[in-house]
Amino acid sequence: MGWKFYEPGSSPKAFDIVWCKWPRREDKLGPGPWTRCVLVLDTRVMVDSRNNVAFAAVTAAYGTDKEKVSEAERANGLVIDDFRSAGLHKPTVFKLGV
């Protein structure tokens with residue numbers, strides 16, 4: 001399994017919640033085995049200088065189960081309690097702090 005690229009115009013917008021295979025260090029930052037929800041923070045169209053092909057770079061915040069994070073992480077995150085209206089299946093915290 002490798003990377004799959006789409007037209008930059010089809011990229012998500014800031015504050016969209018999307019699902020992706022979050023990269024993992026143990027997979028050498030390749031797509032992880034599980035699909036996770038992420039909050040899109042920024043999207044930029046960039047051009048590869050080697051072949052002049054445009055692509056979108058997305059900055060996203062990882063979402064996790066609200067019960068699995070500390071109070072400090074909640075203070076630096078975005079808590080979604082009204083999860084169903086956001087398309088989520090449980091209360092979620094998007095980790096905005098490092």
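The model is predicted: local features require pLDDT of at least 70, side-chain atom pairs count only at pLDDT 80 or more, and totals for chains, interfaces and linings use all residues. Residues are numbered from 1 along each chain as its sequence is written, and side-chain values use heavy atoms, with hydrogens and water left out. The chain holds 1 helix and 5 strands, arranged along the sequence as β-β-β-α-β-β; helices (H or I, at least four residues) and strands (E, at least two) are DSSP runs numbered from the N terminus.

**Overall dimensions and burial**

- Taken along the principal axes, the C-alpha atoms fill a box of roughly 45 × 30 × 25 Å.
- Of the 98 residues of the chain, 22% count as buried, where buried means under 20% relative accessible area, exposed over 50%, and partly exposed in between (1.4 Å probe, protein chains only).

**Second largest pocket**

- The second largest pocket has a volume of about 200 Å³; a pocket is an open set of points on a 1 Å grid over the protein atoms alone, where a 1.4 Å probe fits, with protein on both sides within 12 Å along at least five of seven lines. Grid points are joined across faces, edges and corners, and the volume is the space filled by probe spheres set on the points.
- Its lining residues (an atom within 4 Å of a point) are Trp19, Thr35, Arg36, Cys37, Tyr62, Gly63, Thr64, Asp65, Lys68, His89, Lys90 and Thr92.
- The elements giving two or more residues to this lining are β2 (31-48) and β3 (53-65), and β3 gives the most, with 4 residues.
- By class, the lining comprises 3 nonpolar, 5 polar and 4 charged residues; Ala, Val, Leu, Ile, Met, Phe, Trp, Tyr, Cys and Pro count as nonpolar, Asp, Glu, Lys and Arg as charged, and the others, Gly among them, as polar.

**Salt bridges**

- The whole structure contains 4 salt bridges, each defined as a side-chain nitrogen of Lys or Arg within 4 Å of a carboxyl oxygen of Asp or Glu.
- One of them joins the side chains of Asp65 and Lys90 (3.5 Å, N to O). This pair links distant parts of the chain, with Asp65 in strand β3 and Lys90 in the loop between β4 and β5, 25 residues apart.
- Asp65 counts as buried because its relative accessibility is 17%, whereas Lys90, at 30%, is partly exposed.
- Asp48 and Arg50 also pair through their side chains (2.8 Å, N to O); Asp48 is buried at 15% relative accessible area, and Arg50 is exposed at 74%.
- Arg24 and Glu26 form a further bridge (3.3 Å, N to O), in which Arg24 is partly exposed at 24% relative accessibility and Glu26 is exposed at 56%.

- Leu41, Leu78 and Leu96 form a nonpolar surface patch with about 220 Å² of accessible area together. Patches are made of residues with over 30% relative accessible area and no salt bridge, with like charges joined within 9 Å and nonpolar side chains (Val, Leu, Ile, Met, Phe, Trp, Tyr) within 5 Å; accessible areas come from the Shrake-Rupley method with a 1.4 Å probe, and for residues only the protein chains shown count as cover.
- Leu96 lies in the segment after β5 (92-95) and counts as partly exposed at 44% relative accessibility.
- Phe83 sits in the loop between β4 (77-80) and β5 and counts as buried, given its relative accessibility of 16%.
- Between Phe83 and Val40 there are 43 residues of sequence separation and 16 Å in space, C-alpha to C-alpha.
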